[in-house]
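Here is a colleague's note to read alongside the model. Please keep the sequence and the picture open as you work through the points.

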Amino acid sequence: MTFVRRTLIAATVAATLTASFAAFSQDIKPRLIRFGYGLNEQSNQGRAAKVFADEVAKASGGKMKVRAIGAAALGPDTQMQQALIGGAQEMMVGSTATLVGITKEMALWDTPFLFSNAKEADTLLDGPIGEKIKDKLQEKGLVGLVYWENGFRNLTNSKRPVNKMEDLDGIKLRVMQNNVFLDSFKTLGANAVPMAFSELFSALETKTVDGQENPYNTILSSKFYEVQKYLTVTNHVYSPWIVLVSKKWWDGLSKDEQKVLADAAKVSHDFERKDTREEAAKAVADLKTKGMQVNDLSFAEASRMRNKLTRVYATIGADVGMELWIATQNELVKIRAKK
Ligand code: TK8
């Protein structure tokens with residue numbers, strides 16, 4: 001036997017062994033699920049991602065393994081959405097606002113002052129309207145499992161307290177990459193700039209922007225209080241997060257595997273709503289301790305803003321479809337009549 005021939009045989013044997021080992025380890029290796037998110041591990045988003053991961057491991061007897069990857073290490077929301085659609089990443093949680101370019105009906109949730117309390121948000125998001133909008137994602141290559149609470153958004157900036165609409169004049173305000181947010185804040189007089197969340201802290205720190213708007217929880221967990229002096233309690237919009245799966249990948253799962261994910265998502269949903277609300281309830285006091293100066297936007301000023309946004313409301317109605325818009329208003333009237 002020549003040296004070349006012997007080497008060839010050895011190489012073939014090695015290749016065969018590797019191939020059969022790969023086939024074997026496929027069976028025993030857990031199915032790996034990369035679950036990306038934008039906030040830190042020590043945030044309401046991070047805590048709920050962990051609950052989801054633990055639940056999947058438990059329910060699948062270790063056959064499915066969720067690797068929760070935070071701090072936008074897999075990219076900002078918009079990039080992860082594309083990775084899911086292409087099948088390069090399995091799961092994520094992110095803002096519905098950044099999904100509007102993919103599914104226009106998601107813009108409904110961006111309507112300023114749409115919900116006046118958490119109960120209204122829960123009823124709409126977890127009811128038929130929320131389900132219908134979520135299902136629209138499927139034709140775009142995404143499966144929406146549940147909505148989590150990001151929360152009511154409040155305004156922070158490094159320039160001045162915002163007591164009235166005019167105080168927004170000239171404030172360079174970071175908004176999500178979404179036309180409703182951009183239009184709304186421009187209409188209210190701010191100099192609105194769309195930007196990925198992952199770039200926000202350093203943009204605030206370097207004063208590339210003066211302010212931003214996010215729920216209390218995020219102002220805390222992303223340490224915005226270190227670079228923002230003023231917090232105005234505006235509650236100007238309720239922001240959902242949505243847990244997403246790549247449809248390409250989902251379609252290759254067994255019914256049992258799909259059920260494990262759907263059930264775990266429900267558990268994470270219940271945990272996340274509760275955890276987020278508990279944290280939010282204490283957050284103002286925490287943020288004051290951290291040095292933020294807090295003021296409330298008066299009801300009269302919020303009404304002036306609403307009025308100023310009439311054109312934006314009309315645009316949202318046209319974009320999401322009048323039928324959906326009217327159904328939403330009717331649903332809200334029903335909830336409010338019950339009280
Ligand atoms: C995190 C974002 C964040 C959102 C934002 O990835 O961008 O301001 O509120 O929660 O989705």
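The numbered points below go from the whole chain to single helices, ring pairs and one arginine.

1. On the source: this is a predicted model, in which local features need pLDDT of at least 70 and side-chain atom pairs count only at pLDDT 80 or more, while totals for chains, interfaces and linings use all residues. Residues are numbered from 1 along each chain as its sequence is written, and side-chain values use heavy atoms, with hydrogens and water left out.

2. The C-alpha trace spans about 90 × 45 × 35 Å along its principal axes. Of the 339 residues, 51% are buried; buried means under 20% relative accessible area, exposed means over 50%, and partly exposed lies in between, with a 1.4 Å probe and protein chains only. Among contacts (heavy atoms within 4.5 Å) between residues at least 6 apart in sequence, 74% join residues at least 24 apart.

3. On helix H5 (residues 128-135): Ile129, Gly130, Ile133 and Lys134 are buried. Seen down the axis of H5, these buried residues fall within an arc of 135 degrees, so they line one face of the helix; the arc is that of the directions from the helix axis to the C-beta atoms. Pro128 and Lys132, on the other side of H5, are exposed. The cover over the buried residues of H5 includes helix H4 (118-126), strand E4 (142-152), strand E10 (238-246) and helix H13 (322-338).

4. On helix H3 (residues 77-86): the buried residues here are Asp77, Met80, Gln81, Ala83 and Leu84. Their arc around the axis is only 160 degrees, which puts them on the same side of H3. The buried residues of H3 pack against strand E1 (31-36), E3, E4 and E10, and just after H3 glycine 87 takes a positive phi of about 85 degrees.

5. On the aromatic rings: how many aromatic pairs does a search of the whole structure find? The search finds eight, counting rings of Phe, Tyr and Trp (its six-membered ring) whose centres lie within 6.5 Å, with planes under 30 degrees apart called stacked, over 60 edge-to-face and the rest tilted. The rings of tryptophan 109 and tyrosine 147 have centres 5.8 Å apart and planes at 75 degrees, so this pair is edge-to-face. The pair links distant parts of the chain, since tryptophan 109 is in the loop between strand E3 (91-95) and H4 and tyrosine 147 is in strand E4, 38 residues apart. Tryptophan 109 counts as buried at 1% relative accessibility, and tyrosine 147 counts as buried at 1%. Ring pairs join Trp109, Phe115, Tyr147, Phe152 and Tyr238 into a cluster.

6. On arginine 67: this residue lies in strand E2 (residues 64-69), and at 43% relative accessibility arginine 67 counts as partly exposed. Setting aside neighbours within four places in sequence, arginine 67 is in contact with Leu32, Ile33, Arg34 and Phe35. Arginine 67 and threonine 315 are 248 residues apart in sequence and 40 Å apart in space, C-alpha to C-alpha.

Terms used
Helices (H or I, at least four residues) and strands (E, at least two) are DSSP runs, numbered from the N terminus.
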